[in-house]
Amino acid sequence: MPSLLTNAHFYRDGAWDPRVSAMAVRDGRIALLGSLAECREAAGSGAEEIDLGGQWVLPGFQDAHVHPVGGGLELQRCNLAESRSAADYLATIGAYAAAHPGAEWILGGGWYMEAFPGGVPTAATLDTVVADRPVFLPNRDHHSAWVNSEALRRAGITATTPDPPDGRIERDADGNPTGCLHEGAMERMAALVPPTSQAELDQGLRTGQAYLHSLGITGWQDAIVGLGAGLPDALDAYCRAAADGTLTARVVGALWWDRTRGAEQLPDLLERRARGVAAGFQATTVKIMQDGVCETFTAAMLDPYRDEHGHATDNRGVSFIEADDLARYVTLLDAHDFQVHLHALGDRAVRDSLDAIEEAIMANGARDNRHHLAHLQVVHPDDVGRFARLGATANAQPLWACHDQQMVELTIPFLSAEAVAHQYPFASLLDAGARLACGSDWPVSSPEPFAQLHVAVNRTVPPGESDDYAPGRAPLLAHEAISVTAAIDGFTAGSAYVNHLDDAGRLEVGYLADVTVADGDVLGDPAGLSSIRAALTMVGGGVVWAR
């Protein structure tokens, strides 16, 4: 159905375009931007006219790195993401267990590491609220999990259980497991968890999609489609939703690269891609997790981590895949025209990932597969300029680039001074010609785009969250702040580029009519960005959410 958006501020090319007072939509695309009379004629008779009351119209936000099905499932299960204290977590877990007496396992997650001493919760505290059933609760970044004693017993994890090569079991002084598992140490437990049903996955996708639409998000790249990081495989759920029309967002799926296997998994990935595309779901990317996170000392670093006394250790984190193997795998995937989405958080992981992309280009030539590196917490200055030279997109999660409690207490004290000085170098990357795409990593952190824009522009914790936390008010490396227009581009045109949507991400005639309507002036006071909210979301000219 044709439609007409009127009485609004239209954001085009980084500015409000006062020449435009209306937008006509026909056949899912922008037919005209101009005066009301011109757009009425372009929209044609019978067009639905939507008076926006002076609000702002932007290209639809796209999240370049997100886990909507996992986020939707967590909203439906024991959801800890709304709290920040251990006491609140225990109350929520106890209440959930009491409300679900028939649940064989207590599942959910979303806890914050800073709620616990050293970032590490224990089975002993969890046993006080649930002792009769196993509990498995990944934290918000899914690089660690909190488990109770019954879960440890069922998994057979004892003092004699060795740490896996790609993970760590937290232990007491006698070597006994204390109830927190990191990285690959979670897999032994995850293998015991009852599989998520297809009906639960379908509902998780619907819940996650509805939530993202309510924030003005019109599309995304699902950063793990497969069994990885404690998440269930959502490929079939996406295929069903694409086939029956309930997938209203524009989505690219990043198929999970199983780091316990090698090149022999390529036929499986090719089959999964073909199955997705046949159903109308673009499962055209492969996700490789190259390292972990700084808070658990598993991000792959060039300099060693420091201990609690500030002294250098012999730990430089974990490369989940050896550099030579990574280059071989990326080259293989590139040759088969997969886009590669690399989790590269530490500076060594970033360097190894860029080296792999460079080797793929040398072997295969430039193939427009648009590889990208996600997270980029620490980037060595020698590697900043390589993004533009290699055509590798910097996939940033702006919400993390601030002095939140986790940064101040669990990250900065344990990184070298060099690494601390090169965190989230958004401005440096842009100045060096890199293309920026932005995403949230939800449910790791909030998918609210305006909160993320606030941090990208101000490098401070959004107002309200920092009221009780003084360090949050100080910018983190203020020279790496970027402009509002650059940040908006990252969430619109930049993310559209990553997803090969070359006719999206801008308000231009002929482009897809994917639109976010914001209730505030996006070009006003940058300190007020986080107070803006989406008022209406359109995909292909159809309203998928309205306040």
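The legends below walk through several close-up views of a predicted model.

Because this is a predicted model, local features need pLDDT of at least 70 and side-chain atom pairs count only at pLDDT 80 or more, while totals for chains, interfaces and linings use all residues. Residues are numbered from 1 along each chain as its sequence is written, and side-chain values use heavy atoms, with hydrogens and water left out.

**View 1**
A strand here is a DSSP run of E with at least two residues, a helix is a run of H or I with at least four, and both are numbered from the N terminus. Two strands pair if DSSP finds at least two bridges between them.

**View 1. Strand 7 pairs with strand 2 and with strand 22.**
Strand 2 (residues 9-12) and strand 7 (residues 56-59) run parallel, with 2 bridges joining them. Here His9 has Trp56 of strand 7 as its bridge partner. With strand 22 (residues 515-518), strand 7 pairs in the antiparallel sense, over 4 bridges. In that pairing, Val57 stands opposite Val517 of strand 22.

**View 2. Helix 18 has a kink centred on Gly490.**
Helix 18 (residues 484-498) has 15 residues and reaches 20 Å from its first C-alpha to its last. That is close to the 21 Å expected at 1.5 Å a residue, where the expected span is 1.5 Å times one less than the number of residues. Among the buried residues are Ile488, Gly490, Phe491 and Tyr497. Just after helix 18 comes His500, with a positive phi of about 60°.

**View 3. The largest cavity holds about 330 Å³ of space.**
On a 1 Å grid over the protein atoms alone, a cavity is a set of points where a 1.4 Å probe fits but cannot get out, and a pocket is an open set with protein on both sides within 12 Å along at least five of seven lines; lining residues have an atom within 4 Å of a point. Grid points are joined across faces, edges and corners, and a volume is the space filled by probe spheres set on the points. By this rule there are 2 cavities of 30 Å³ or more. Which residues lie nearest the centre of the largest cavity? Of its 26 lining residues, they are Asp141, Val293, Trp400, Asp441 and Val444. Helix 14 gives the largest share of this lining, 3 residues. The lining has 11 nonpolar, 9 polar and 6 charged residues; Ala, Val, Leu, Ile, Met, Phe, Trp, Tyr, Cys and Pro count as nonpolar, Asp, Glu, Lys and Arg as charged, and the others, Gly among them, as polar.

**View 4. The second largest cavity holds about 50 Å³ of space.**
Its lining residues include His67, Val69, Gly70 and Asp222. Helix 2 (68-76) and strand 15 (217-225) are the elements that give two or more residues to this lining.

**View 5. The largest pocket has a volume of about 840 Å³.**
It is lined by 36 residues, and Ala81, Arg84, Tyr112, Ser446 and Glu465 lie nearest its centre. Helix 2 provides the largest share of the lining, 3 residues. By class, the lining has 17 nonpolar, 9 polar and 10 charged residues.

**View 6. The second largest pocket has a volume of about 550 Å³.**
Of its 25 lining residues, Thr196, Leu227, Gly230, Leu231 and Pro232 are the closest to its centre. Helix 2 gives the most to this lining, with 3 residues.

Conventions
Bend = angle between axes of the 7 residues up to and from the residue. Buried < 20%, exposed > 50% of the residue type's maximum accessible area, 1.4 Å probe, protein only.
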